[in-house]
Amino acid sequence: MKPGLFAGRGLSFGLNLQILSDDEVEEIHLATLDVLEYSGIFVDYPEALDLFEAGGARVDREKKMVKIPSWMVEDAIASAPSRVILAGKDPVHDLVLGSTRVHFTNFSEGVLVVDPFTGERREPKKTDLADSARVIDYLEDVDFCEKALGAHDVDQRSAPLHNAEAILPNTRKHCAFGPGNGKLLKKIVQMAAAIVGGEEKLKDRPIVSFTTCPVSPLKLIGECCDIIIESARSGMACNILSMAMAGGTSPVTLAGTLVTHNAEILGGITLHQLANRGAPVIYGSSTTAMDLRLGTASVGTPEAALLSGAVARMARHYKVPCYVGGT
């Protein structure tokens, strides 16, 4: 099991980058609670509306708006585990998420590849995904395997299953997937269970986890809700990852974007814990600023670095493992 490096821990030999003070963290948190309780979040999935309503939220089914009282949000944060295990097929690649531990993964998802034999730039095939998994398996500094590519040469309605079939046999590391919807998620769980020897063993050694993204600003669309609910019930970790863009899909100020981002993630975590209290969840981010000249996401910029550091600080405040992409 790889415990991971430590970053920013309060030890004499560590370095520390304090993006937000304790008071600023509290201000972001309180502003987020106000957004969720008084503005609300759009939820486009009947079962999710049922869960929110049963949990104590105010639900407008005609407008599909959910207003979540602060006590519900804070109860969900308290019930989310502060320590999450991402098991590898080989135990030497088991990862512990939590505290200030740091791990690295490849990012998802490339839409074009350069053919290694012809030099042609083309859409990726299922075989490319299998090859990428083998490369990731070999790289010592990549701790777990995200879906680097998508199989474009298969029926896209079942593409997540093809992606899982290509990745799972070709790496010993933990695998993270965007499963498409809850039905396909359950199929991938069955595939993973067959590898480890059954669903009960999979709960002990969760070799797969799942990623889903709210739609900014402040929307949990149907597929996102479906994945959140089914991942919680399966016991596999769910990375709820916002991709807000300051000046585009969220406020132009970084503080305003951080509040929007935080509201989307905490809304998703609340739904996740309503579906299965205590299920493992990850606070995710690929949030950045929009390049106002080009209308594109400005990844790798100072703004992205500030947002990523602030996101990690908020996750530490909530004692929930964090995933940050695009830094």
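The crossing of α6 and α8 is right-handed, a crossing being right-handed if the near helix is turned clockwise from the far one by less than a right angle, and left-handed if anticlockwise. The axes of α6 (residues 182–196) and α8 (residues 222–234) come within 8 Å and cross at roughly 30°. The model is predicted, so local features need pLDDT of at least 70 and side-chain atom pairs count only at pLDDT 80 or more, while totals for chains, interfaces and linings use all residues. Residues are numbered from 1 along each chain as its sequence is written, and side-chain values use heavy atoms, with hydrogens and water left out.

**Helix packing**

- Helices (H or I, at least four residues) and strands (E, at least two) are DSSP runs, numbered from the N terminus; axes are lines fitted to C-alpha atoms, for helices over the stretch in contact, and angles run from 0 to 180 degrees between N-to-C directions.
- Helices α6 and α8 are therefore roughly parallel to each other (angles under 35 degrees count as roughly parallel, over 145 as roughly antiparallel, 65 to 115 as roughly perpendicular and the rest as oblique).
- On the α6 side, the contact (heavy atoms within 4.5 Å) is made by Gly 182, Lys 183, Leu 185, Lys 186 and Val 189; on the α8 side, it is made by Asp 226, Ile 227, Glu 230, Ser 231 and Ser 234.
- By class, the contact of α6 with α8 has three nonpolar, three polar and four charged residues (Ala, Val, Leu, Ile, Met, Phe, Trp, Tyr, Cys and Pro count as nonpolar, Asp, Glu, Lys and Arg as charged, and the others, Gly among them, as polar).
- Helices α8 and α9 pack with their axes 8 Å apart, at an angle of about 40°, which makes α8 oblique to α9.
- The crossing of α8 and α9 is also right-handed, and the residues in contact include Ile 228, Ile 229 and Ala 232 of α8 and Leu 271 and His 272 of α9.
- The contact of α8 with α9 divides into six nonpolar, three polar and one charged residue.

**Nonpolar cores**

- A nonpolar core is a set of buried Ala, Val, Leu, Ile, Met, Phe, Trp, Tyr and Cys residues joined through side-chain atoms within 4.5 Å; buried means under 20% relative accessible area, exposed over 50%, and partly exposed in between (1.4 Å probe, protein chains only).
- Within the largest core, of 47 residues, Val 43, Phe 52, Val 66 and Tyr 283 touch the most other members.
- Helix α9 (residues 254–275) supplies the largest share of this core, eight residues.
- Beyond its neighbours within four places in sequence, Phe 52 is in contact with residues including Val 43, Val 66, Leu 271 and Leu 274.
- Another core, of 27 residues, lies apart from the largest one; among its members are Ala 133, Ala 148, Leu 168 and Phe 210.

- Lys 147, in the loop between β10 (145–146) and α5 (159–167), counts as buried at 7% relative accessibility.
- Not counting residues up to four places away in sequence, Lys 147 touches residues including Ser 108, Glu 109 and Ile 167.
- Ser 108 and Glu 109 are joined by a cis peptide bond with omega about 5°, and Glu 109 is in the loop between β7 (101–102) and β8 (113–114).
- The peptide bond from Ser 216 to Pro 217 is cis as well, with omega near 0°.

**Positive phi**

- Ser 99 has a positive phi near 55° and counts as exposed at 53% relative accessibility.
- Lys 319 has a positive phi near 60° and counts as exposed at 57% relative accessibility.
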